[in-house]
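Please read these notes with the model open beside you.

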Amino acid sequence: MSSTETLSTDTAPLLEYVESCKLPTTWATFQLHGFVEPATGKEHVALTLGDVANGEPVLARIHSECLTGDALFSQRCDCGPQLELALQKIAKEGRGLLMYLRQEGRGIGLLNKIRAYHLQDGGADTVEANQRLGFAADLRNYSLCEPMLKHLGISSLKLMTNNPRKIDAMGKINVTITEHVPLIIKRNQYNERYLSTKATKLGHLIQPEL
């Protein structure tokens, strides 16, 4: 598929594929595929390793952007460690996919996420903070994955996630989940309430207690 080719489906927002390149990392040299969402201007990427279009289920992670956790090493969430663990698992497998979606703060954006953190500092949990700001608990749109997966020739996944919404979302775009791979991260004093709220209020498949 050529650069800037338009990718569109009936159920997913319009994406345009831009270009691909090599991305050497600590664990492996991935292929980095760039996409743009014209409706919002957001730029999304997919990392692949090995032949992901050979028809076999692909070890995969759908990861929503978390600047504070992914790049600034925040201990308030499990996002950064999950990103790192997923890339490690893909490298060990020798084949896999990571879709990195620019949906910061469960879709509310970075500055609103900082506002939500301020409310959490005052006692709100993550769901309560989003709602006090006038947002739903989770605004992320996983249908963005559909044109990415079609572009990459992938139809079945071994999905690394604790979030049942991601599994359900893949079913809605006719992507088969052959295996659910948990990504459980060690708790600390800063993320304990965050992880417990994920389990009790958002249905994530993790234990709410230490």
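Predicted model: local features only at pLDDT ≥ 70, side-chain atom pairs only at ≥ 80, totals over all residues.

1. Start with helix α2, which runs over residues 79-93 and has 15 residues. From its first C-alpha to its last, α2 reaches 21 Å, close to the 21 Å expected at 1.5 Å a residue.

2. Which residues of α2 are buried? They are C79, G80, Q82, L83, A86, L87 and I90.

3. Look next at what follows the helix. Just after α2 comes G94, with a positive phi of about 85°.

4. The largest pocket has a volume of about 370 Å³. Its lining is made up of 21 residues, and the closest to the centre of the pocket are G69, D70, F73, G80 and P81. By kind, the lining residues divide into 11 nonpolar, 6 polar and 4 charged.

5. Which helix gives the most to the lining of the largest pocket? It is α2, with 5 residues. Helix α1 (67-71) also takes part, as α1 and α2 each supply at least two residues of this lining. G80 belongs to both pictures: it is buried in α2, and it is among the residues closest to the centre of the largest pocket.

6. Turn now to the closed spaces. How many cavities of 30 Å³ or more does the structure hold? There are 2. The second largest cavity contains about 30 Å³ of space. It is lined by V52, G55, E56, P57, V58, G153, I154, S155 and S156. That lining divides into 4 nonpolar residues, 4 polar and 1 charged.

7. Two residues deserve a look at their backbone angles. As background, most residues other than glycine have a negative phi. F73 is not a glycine, yet it has a positive phi of about 65°. F73 sits in the loop between α1 and α2. Its relative accessible area is 69%, and the cut-off for exposed is over 50%, so F73 counts as exposed.

8. R106 is the other case: its phi is near 55°, a positive value in a residue other than glycine. R106 is placed in helix α3 (residues 104-107). Is R106 buried or exposed? With a relative accessible area of 11%, and a cut-off for buried of under 20%, R106 is buried.

Key
Residues numbered from 1 in each chain as written. Heavy atoms only, no water. Helix = DSSP H or I, 4+ residues; strand = E, 2+ residues; numbered from the N terminus. Expected span 1.5 Å × (residues − 1). Buried < 20%, exposed > 50% of the residue type's maximum accessible area, 1.4 Å probe, protein only. 1 Å grid on protein atoms, 1.4 Å probe; cavity = no way out; pocket = protein on both sides within 12 Å on 5 of 7 lines; lining within 4 Å. Points joined across faces, edges and corners; volume = space filled by probe spheres on them. Nonpolar A, V, L, I, M, F, W, Y, C, P; charged D, E, K, R; others polar.
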